[in-house]
Amino acid sequence: MKRPAALLLFLLFATSLHTQNLTSEPQPDQQLLNEWAEALAAEMEEGAEDAQHILMEQLLQLYQNPININTATREELQKIFFLSDLQIEALLFQRFQNKAFYSIYEMQAIEGMDAASLKMLAPLLRFDWEVQTSKRTFRPQADLFIRGQSQLQTQNGYRARPDGSIPFQGSPIKAYTRLEIKALKQVSLGLVAEKDQGEPLFTAQQPGPDYLSGYLQFQTDHTLRKIIVGSYKLSSGQGLALQTGHATLKSSATTSIRNRQASYAPSLSVNEGGGCSGVLVDLGGEAWQLLPFFSRVQRDGRLDTLEQDGVVLRSLKSDGYHRTETERAQRKNTEEWVVGLTGKYLLPRMTLEAGLLHYQLEHPLQALPTTYNQHYWQGRSTHNFWLAGSGSVANMHWFAETAFNESAHPALWAGLQSLLKQTAELALGFRHFPLDYYAPLGGALSEASVPAGETGFYVGLELPLPAAFTASGYLDAYSHKAARYGVSGPAKGFDLLLTLHHQTSSDWENTLRFRHRTKGVDRESEEPETVLGEQNQNQLRWQSRFTPGKNWMLTLRGDWQTVQKSGADRLAPGFFLSQDLRYTSNSKKWNVTLRYAVFDAEEYATRIFAYEPDVLYSMSTPAHYGKGNRLVVLGKWTPLKGLDLWLRFSRWHYPGRESIGSGYAEIRGDKNREIKLQLRKRF
Amino acid sequence: MHDPDSTPLPDRAARPPLKLKRILLLGLLAPHLLLSAQNTLPDHAAYWGGTGATAVGLPAHQGNPAGTAYSEHRFLALAHQNKYGLPELSSRDLYFLLPTSLLVLSGGFQHSGQRPLQGETYSLAAARTLAPWLRMGLRGNYWVQRQQEKEARTAFILDAGVQYQPLRDLSLGFFTCNPLQKNWSDKDPYHPLPSYTAAALNYRVVEGLELEVGVLKEADFDASFHGVLQVELHPRLALRGALSGTPLRLSLGTQLQVQAFYIHLQLQHHQVLGWSSVVGLAWRLPHKPQQTTSS
């Protein structure tokens, strides 16, 4: 497989359908779909669960609605996550020369395409060589998910205080439901509702679910192509000013740094700390697109009342929890408005984008001053304006965006991707965020979550080697001009990732990954003044995946991590070892997955993130911290056509401990068990 | 030898009895044993070197139970282990391997220590070849500890393991001993039940030469990495060397086949605790080879 890292890049190439159409085609192989999702998600960076969830959702939609390879536009091809920009350009060029592809085998002649990649591609493509729109009969469809989960141990939040009151207002059950309906050819709608653990439901104070969202989408074949009323996500350029789905992150797909998220899509995300909700209109023709949009969202905020300034917003909350009285008092207590316009113009080998937006809060944002937030944006409103472009010249693909706010200096993200000698892929990227740059809806690739003051240079390379080896890696060198949380002054750092992948046989692959990170942190010192020091982190991972036949998948993984901070002794290394076993019945009506892992990471800095099997649409990449073991058992059963059931049991075990967690999340004892049930019905 | 210029030895009658001296020595060593990594020394590491994760046939009895599924013959075996020269830590094993049409059964009895502290372990394992490249096994162990003038205490633990063969000459093994990390009912910190997890890769470089690399993680200690090299000098004679750390452990062993008997000798040196030795004898019972069929 030429691009194993790219194959695993769910995150950066998260695309979304421009339509939530549910296909009238026969249902695809769900076992294959689940294996793809797990393999791709297994390579995500730690802490990227939101992005994994979005990618998982988009993969499922893409699989249900294959792309016609002979009419697909560049934007449509970008929905295929593991196709690199250079492969897409090569594919378009090949199609231009040959006029049409009649089967997947013809695509082997595409520059940079290999048999293994095509095998992954095949179920996502269809080869209609008639240009006319398909005249298939439309059939209304619906897809319903219902999920419930609960911890079996009692957290402190559910225990009565001495005065008899209970901190958490609701039950320990977490409930989620999601419905998508393709009612008519032009009309689709979706609904999602969620109640977190501890939140009340069907009470006087909370008659319905804590989170409720949805969309209604109408599409036509005219200039007014689409209207979305409800929740949606937006993306433009490299995301410097507009990227509401999920931020672009570094990953194992080392040459995939360009933002390829679709301009917009309806959203059923349950991320309560972001996203847009309002109206979006898609106006456009063959070569142009205009997207006026409006959003009004009620956000959670920590409010304060000042004598002179009145009510101010100290910070916006994003965790979405409304369990305690304090959290419920902060629920949806401040409004956020966004209005804007983004446009795109398509040229044969270039795309130009521009846009502007105005952002406003009900209450002015005025954080309590600290050493690290001196340059953070404060105020009631701001605006952004941006220009972006991307295109190809010979075998090079370029992309760039510059964005402005009230600051005199613009932010910049620019990059280049090239296919060297028709084999190796190279990516270069440069980013610069002025100290006073702020984009409330931005999400460009950066090292820090608040990128103001960051400058960075990125180099990525992917190189196929003989004997079925593939080497890839990136080096990201960056600097920050101002203090950040845990870093009392300007600092530099770099991030190095090296991956060696071996497709040992047709059903066995091995991956060895090394990562080194150096970054500035405050020294641990007994002195009152903070002194800036350095932290060095080394991670080594080996993963072996064996998938003989259609029934079994076995994955063995080991991690080793060391951290050293200047001025302190080297921390005890973190260790992780796991074995996954998955068995699927011959009838494919049921499958069982078992995961057992041991871990030993006594220091928080050496904690190890590891993806683990979970039910469809629920991604799990927990941090393994402390000393113990983890057991996960997951079963799926399809008793009837169109009806899927999942049951998941998981357990954390920390031998010798008297409690797990802290605060309201604390559990007595050394075990923490959770059970999860999910039902899916396709109509 | 007593130095005549030193203070005279106390009267023999006043010296502590030999047994008590050993117990005191053990008591002095106990914290040291606890502080040194790998002090519980999983049986397979002591008997054969390596982690035991890719052990097949008879050696799998002390290691990955999945490896016993590889057996086609019936065996009866006994062994004696002398750990660090301390009889209190020595053990004696009697075990069997019994392939049937459905499963491969194995089990045995181990007696360890000596008065006043002795231990007995009764084990029974079942393993099966589920596919030509996949074996799984499960083992139950019933532990009994008897201390003089105290009531015996017991515990039951399970081991589980899997072995698979992605290539003809290469196998991977993963097994866990006492994955639930059960302990005695009184949670005795000085005699904890073993709990560890191991994974290894075994590669047959050429016929008669095998290389194994693996990692073993005991519950309360750092992970240790193991390397093993086995050379078959003759179809009836094999040499085995193993190196692991930390702490550093060097192991050398040999296995000799004389007709239906297999003689096993193993020496191991622990960086801190010194020498251990194992002597074993196995008898391949005369019987028509039984192949366990996959499902």
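**Where the chains meet**

In this predicted model, 17 residues of chain B are in contact with 20 residues of chain A. Contact here means that the C-beta atoms, placed from the backbone, lie within 7 Å. On the side of chain B that touches chain A, β6 (153–167), β7 (170–177), β8 (196–206) and β9 (209–218) of chain B each supply at least two residues. The most come from β6(B), with four residues. Helices and strands are DSSP runs, H or I of at least four residues and E of at least two, numbered from the N terminus. By type, this side of chain B divides into 13 nonpolar residues, three polar and one charged. Nonpolar covers Ala, Val, Leu, Ile, Met, Phe, Trp, Tyr, Cys and Pro; charged covers Asp, Glu, Lys and Arg; the others, Gly among them, are polar.

On bookkeeping, residues are numbered from 1 along each chain as its sequence is written, while chains are lettered from A and ligands numbered from 1 in the order in which they are written. As this is a predicted model, local features need pLDDT of at least 70 and side-chain atom pairs count only at pLDDT 80 or more, but totals for chains, interfaces and linings use all residues.

**Confidence**

The model scores ipTM 0.83 and pTM 0.87. Chain B averages a pLDDT of 82, and 80% of the residues score at least 70. pLDDT is the predictor's confidence in each residue, from 0 to 100. Over residues 1–40 of chain B the pLDDT is below 50, and that stretch has 24 contacts in the model beyond near neighbours in sequence.

**Cores**

The largest nonpolar core has 51 residues, and B:Ala198 and B:Ala199 have the most contacts inside it. A nonpolar core is a set of buried Ala, Val, Leu, Ile, Met, Phe, Trp, Tyr and Cys residues joined through C-beta atoms within 7 Å. Buried means 20 or more other C-beta atoms within 10 Å of a residue's own, exposed means 12 or fewer, and partly exposed is in between, again with C-beta atoms placed from the backbone. Outside four places in sequence, the contacts of B:Ala198 include B:Thr51, B:Phe175 and B:Leu216. A second, separate core has 35 residues, including A:Leu234 and A:Ala452.

Also in chain B, is B:Thr68 buried or exposed? B:Thr68 counts as buried because it has 33 C-beta neighbours inside 10 Å. This residue lies in the loop between α2 (43–47) and β1 (74–83) of chain B. B:Thr68 and B:Ala127 are 59 residues apart along the chain, yet their C-alpha atoms are separated by 6.3 Å.

**Chain A**

Chain A has seven helices and 32 strands. Of its 683 residues, 40% count as buried.

Take helix α5 (residues 85–98) of chain A. Its end C-alpha atoms are 20 Å apart, which agrees with the 20 Å that 14 residues should span at 1.5 Å a residue; the expected span is 1.5 Å times one less than the number of residues. Among the buried residues of α5(A) are A:Asp85, A:Leu86 and A:Leu91. The buried residues of this helix pack against α4 (74–77), β14 (379–393), β15 (396–404), β16 (411–420) and β17 (424–432) of chain A. After α5(A) comes A:Lys99, with a positive phi near 80°.

Next, β16(A) and its partners. Strands pair if DSSP finds at least two bridges between them. Eight bridges join β15(A) to β16(A), running antiparallel, and the two form a hairpin with six residues between them. In β16(A), A:Gly415 is the bridge partner of A:Phe399. Nine bridges join β16(A) to β17(A), also antiparallel, and A:Leu412 stands opposite A:His432. That hairpin has three residues between its strands, and A:Lys421 in the turn has a positive phi of about 50°.

In a regular strand the side chains alternate between the two faces of the sheet. The covered face of β16(A) includes A:Trp413 and A:Leu419, and the uncovered one includes A:Leu412 and A:Leu416.

Last, strand β29 (residues 643–653) of chain A. 10 bridges join β28 (residues 626–640) to β29(A), antiparallel, and 11 join β29(A) to β32 (residues 671–682), antiparallel as well. The covered face of β29(A) includes A:Asp644 and A:Arg648, while A:Leu645 and A:Phe649 are among the residues of the uncovered one.

Note on methods:
Two residues are in contact if their C-beta atoms, placed from the backbone, lie within 7 Å.
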